[in-house]
Number of protein chains: 2
Amino acid sequence: MKKNAQINSTQVCQVRMRAISDAMSLLSGKWKFHILGTLIEGNTLGFMDLLREINGIGTKMLSKELQDLEINNLVSRTVMNTKPITVQYSITEYGKTLLPLIDELAKWGTDYRKSVYPKNIGEK
Amino acid sequence: MKKNAQINSTQVCQVRMRAISDAMSLLSGKWKFHILGTLIEGNTLGFMDLLREINGIGTKMLSKELQDLEINNLVSRTVMNTKPITVQYSITEYGKTLLPLIDELAKWGTDYRKSVYPKNIGEK
DNA sequence: GATATTAGTTTCCAAGAGGAAACTAATATC
DNA sequence: GATATTAGTTTCCTCTTGGAAACTAATATC
């Protein structure tokens, strides 16, 4: 007699796992949370501002990730009528709904680091 | 005059961003949340049970991800004295601390899907 | 006229993630 | 003796991710 899946075959689990896959497909990658977090902190920033704020990112990745985030309505992009041209990036209202998740992730990561390096909390 | 980073150069932001990187380095990849979620639901499962429960995963990825999770003390592995040999995988107490994060991720993903497909909530 | 600034794009490359299939190895069942 | 079960490992392959550097193009400043 062949065994079948039991736990994850329930409707509740299927929906839940798909939701997790959905969220991850939008938020995966090395830089998305950093970009979103910076825009939540900084309100409105230009491309070069973001490049300076986010340590280590290059123009190619910043440009590509911003496009992804804009497509999914998490970030808004506004071209300003200035010379030279400037662009303002902001978090959208919908993007702000990610704040609880980002907070939870930061909280867990902080606790994790404390559990691994209990003596030098907050240090490098 | 050269501009410097302002927002993310604060101590609070540095710590926060490192925490997010830490968490993501443990939890990144296509399967980790699925494995953790299944083990939280299912309490204790064997390797083949997990393979059946997690739709689409293969033996190589399951084995590798379980090792990663075990190294980081999120999952425990117990070899049973049976014939043929069986192995019990469980979520650790520490692994259970991820539940709020997983819930938040699932919640956001569910809301996201509703916002994209408002008419067929819960359907495929 | 040279340089700097804005905001990117393009190209080339290296490393990693992930999948399919075959394989190991022990034991139990048909 | 053949097949199935347990729990993986190994090999080969492709696709994706991400980084460095060069490039575009418009305008402003030195």
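Which residues of chain B does A:Asp22 touch, not counting residues up to four places away in sequence? Point 4 takes this up, after some remarks on the model as a whole.

1. The model is predicted. Chain A holds six helices and three strands. Going along the sequence, the order of elements is α-α-β-α-α-β-β-α-α.

2. Overall dimensions. The radius of gyration of chain A is 19 Å, whereas a compact globule of 124 residues would have a value near 14 Å. The C-alpha trace of chain A extends over about 75 × 40 × 25 Å along its principal axes. Of its 124 residues, 40% count as buried. The accessible surface of chain A is about 7300 Å², and carbon and sulfur atoms supply 53% of that. Considering contacts in chain A between residues at least 6 apart in sequence, 45% join residues at least 24 apart. As for charge, chain A carries 17 positive and 12 negative side chains, with 8 Å between the centres of the two sets.

3. Relation of the two chains. Chain A is superposed on chain B by a rotation of 180 degrees, with 0.0 Å of shift along the axis and an RMSD of 0.0 Å. The two copies are therefore related as by a two-fold rotation axis. The residue of chain A that comes closest to this axis is A:Leu101, whose C-alpha lies at 3.5 Å. Both copies use the same surface, since 98% of the contact residues of chain A recur in chain B.

4. A:Asp22. This residue sits in helix H1 of chain A, which covers residues 11-27. Leaving out residues up to four places away in sequence, A:Asp22 touches B:Gly109, B:Tyr112 and B:Arg113. That answers the opening question: the partners in chain B are B:Gly109, B:Tyr112 and B:Arg113. Is A:Asp22 buried or exposed? A:Asp22 has a relative accessible area of 13%, so it counts as buried, the limit for that class being under 20%.

5. A:Thr38. Helix H2 of chain A contains A:Thr38. With a relative accessibility of 0%, A:Thr38 is classed as buried. Apart from neighbours within four places in sequence, A:Thr38 is in contact with A:Leu45, A:Leu50, A:Glu53, A:Ile54 and B:Asn8. From A:Thr38 to A:Ile91 the C-alpha distance is 9.2 Å, although 53 residues separate the two in sequence.

6. B:Glu65. Where does B:Glu65 lie? B:Glu65 is part of helix H4 of chain B, residues 59-71. B:Leu27 is 38 residues from B:Glu65 along the chain, and the C-alpha atoms of the two are separated by 9.8 Å.

7. Asn43 in both chains. The phi angle of A:Asn43 is near 65 degrees, a positive value in a residue that is not glycine. In chain B, phi of B:Asn43 is likewise positive, at about 65 degrees. Most residues other than glycine have a negative phi. A:Asn43 falls in the loop between helix H2 (32-42) and strand S1 (44-45) of chain A, and B:Asn43 in the loop between helix H2 (32-42) and strand S1 (44-45) of chain B. Are these residues buried or exposed? A:Asn43 counts as exposed at 55% relative accessibility, and B:Asn43 counts as exposed at 53%.

8. Cis peptide bonds. Which peptide bond of chain A is cis, with omega near -5 degrees? The bond in question runs from A:Lys83 to A:Pro84. In chain B, a cis peptide bond joins B:Lys83 and B:Pro84, with omega about -5 degrees. Most peptide bonds are trans. A:Pro84 belongs to the loop between strand S2 (75-80) and strand S3 (86-91) of chain A. B:Pro84 is placed in the loop between strand S2 (75-80) and strand S3 (86-91) of chain B.

Notes: Residues are numbered from 1 along each chain as its sequence is written. Chains are lettered from A and ligands numbered from 1 in the order in which they are written. This is a predicted model: local features need pLDDT of at least 70, side-chain atom pairs count only at pLDDT 80 or more; totals for chains, interfaces and linings use all residues. Side-chain values use heavy atoms; hydrogens and water are left out. Helices (H or I, at least four residues) and strands (E, at least two) are DSSP runs, numbered from the N terminus. The radius of gyration is taken over C-alpha atoms; the globule rule is 2.2 Å times the number of residues to the power 0.38. Buried means under 20% relative accessible area, exposed over 50%, partly exposed in between (1.4 Å probe, protein chains only). Contact means heavy atoms within 4.5 Å. Accessible areas come from the Shrake-Rupley method with a 1.4 Å probe; for residues, only the protein chains shown count as cover. Lys and Arg count as positive and Asp and Glu as negative; His and the chain ends are not counted. The place of a charge is taken as NZ of Lys, CZ of Arg, CG of Asp or CD of Glu. Copies are superposed by least squares on the C-alpha atoms of residues with pLDDT of at least 70 in both.
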